[in-house]
Amino acid sequence: VEDRLVSLTATSFAPFADQLVPLVYSAGASYFDVLFGSADAAITELNRWCARSNSEYYLGRADIVLDDDIAAAVVIHLSGRQTIECRRADLLACLKFLLSKRSKTGAGDLHAAPPSLADDEHYIRTIAVDPARRGRGYAKLLLARIREHALSLGSRALRLDVAVDNAPGLALYERMGFELGDRWPCPGGDMVAMVMPLGGPHRA
Amino acid sequence: MNIVSPNEIRSFITQTLADKLAARGLSPESLPDDFDLLAEGVIDSMGILEVVQGIQDKFDLSIDLECMAPEELTLIGPLARYVAANAARRP
């Protein structure tokens, strides 16, 4: 199946955006709904973010798996340094959106931010598989690709954040060699960081 | 003459985030000008919204974000100076 792996670029991602944005949304729906107020608003905003090169969600740096020419799975990943730079830009976009749409937030207490990233941690922003095409090893395939990529960059570890109530995700990542890290409260549900040290035994 | 000074804004931000800073063993006075509220895990998207809305409400002003660079949103010194320079009295 490896020949179905495609690395998207700034000039090649656009034709896949209509398929990929809903997948990206589905991977964080409860968070996006709280943040943007509704699923429709979230999809509209994500369409912009996924096309913006200084967004964490930029599809121009995604890897996908094609299944009968359909984008069946996607992973968006960035270096630790890129993640922080993009997160600032997303935060500003988010703030402008929220200030324009709402007179007063109902968010209540301040929420904690995710644990910070080191420059040599490689961050997996989003990994998502089309529900109709699960169980075909696509997530594992994409993770193996990212692991190689991160090693080639000299990264020390892979890091991803997952909702604590996402039992299948937690189980998959633990099987892949990720270890549980810090937990923090987040709109839409608590999150936990997972880290896979690189250079050690690969259990996948 | 600014409506508010950068120092007033900075003080308000550190008061708003006092619990978060204390939880990380940080005191407001010890923060360098380029202390990054995002990278240091003090704030997220909802948190920055609370801070900016809090500033607008506390000082009764509106902040024009159009010219803001992303770094000016999360570094405490640049944020305080941007707000002071780009705030207008609410109509």
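1. Let me start with helix 1 of chain A, residues 17–26, where A:Ala17, A:Leu20, A:Val21, A:Leu23, A:Val24 and A:Tyr25 are buried. Buried here means under 20% relative accessible area, exposed means over 50%, and partly exposed is in between (1.4 Å probe, protein chains only). The cover over these buried residues includes helix 2 (29–36), helix 3 (39–50), strand 2 (62–67), strand 3 (70–79) and strand 4 (121–129) of chain A. Helices (H or I, at least four residues) and strands (E, at least two) are DSSP runs, numbered from the N terminus. Contact, wherever I use the word, means heavy atoms within 4.5 Å.

2. Some ground rules. This is a predicted model, with local features needing pLDDT of at least 70 and side-chain atom pairs counting only at pLDDT 80 or more, while totals for chains, interfaces and linings use all residues. Residues are numbered from 1 along each chain as its sequence is written, chains are lettered from A and ligands numbered from 1 in the order in which they are written, and side-chain values use heavy atoms, with hydrogens and water left out.

3. Staying in chain A, have a look at A:Arg147, which sits in helix 5 (residues 138–152). Its relative accessibility is 12%, so this arginine counts as buried.

4. On to salt bridges: the whole structure has 16 of them over all chains. The rule asks for a side-chain nitrogen of Lys or Arg within 4 Å of a carboxyl oxygen of Asp or Glu. One of them joins A:Glu45 to A:Arg48, with the closest N and O atoms 2.4 Å apart. The two residues are 3 apart in helix 3 of chain A, which means a separation of about one helical turn. In general, an α-helix has 3.6 residues a turn, so residues three or four places apart point the same way. A:Glu45 comes out at 8% relative accessibility and therefore counts as buried. Also in chain A, a network of salt bridges links A:Asp67, A:Asp130, A:Arg133 and A:Arg136.

5. Now chain B, whose secondary structure comes to 5 helices and 2 strands. Along the sequence the pattern reads α-α-α-β-α-α-β. The radius of gyration is 12 Å, close to the 12 Å from the globule rule for 91 residues, so chain B is as compact as a globular protein of that length. That radius is taken over C-alpha atoms, and the rule is 2.2 Å times the number of residues to the power 0.38. The C-alpha trace of chain B spans about 40 × 25 × 20 Å along its principal axes, and 52% of the 91 residues count as buried. Taking contacts in chain B between residues at least 6 apart in sequence, 63% join residues at least 24 apart.

6. B:Asp33 pairs with B:Arg81, closest N and O atoms 2.9 Å apart. This pair links distant parts of the chain, 48 residues apart: B:Asp33 is in the loop between helix 2 (18–23) and helix 3, and B:Arg81 is in helix 5 (residues 76–85). B:Asp33 is partly exposed at 40% relative accessibility, and B:Arg81 is partly exposed at 42%. The other pair is B:Asp60 with B:Arg90, at 3.8 Å, N to O. Here too the bridge links distant parts of the chain, 30 residues apart, with B:Asp60 in the loop between helix 3 and strand 1 (61–63) and B:Arg90 in the segment after strand 2 (87–89). B:Asp60 is partly exposed, with a relative accessible area of 40%, and so is B:Arg90, at 33%.

7. Last, the interface. The contact takes 29 residues from chain B and 27 from chain A. Between them the chains bury about 2,600 Å², 70% of it on carbon and sulfur atoms; buried area is the accessible area (1.4 Å probe) that two parts lose on being put together, summed over both. On the chain B side, helix 3 (45–59) and helix 4 (70–74) are the elements giving two or more residues, and helix 3 gives the most, with 10 residues.
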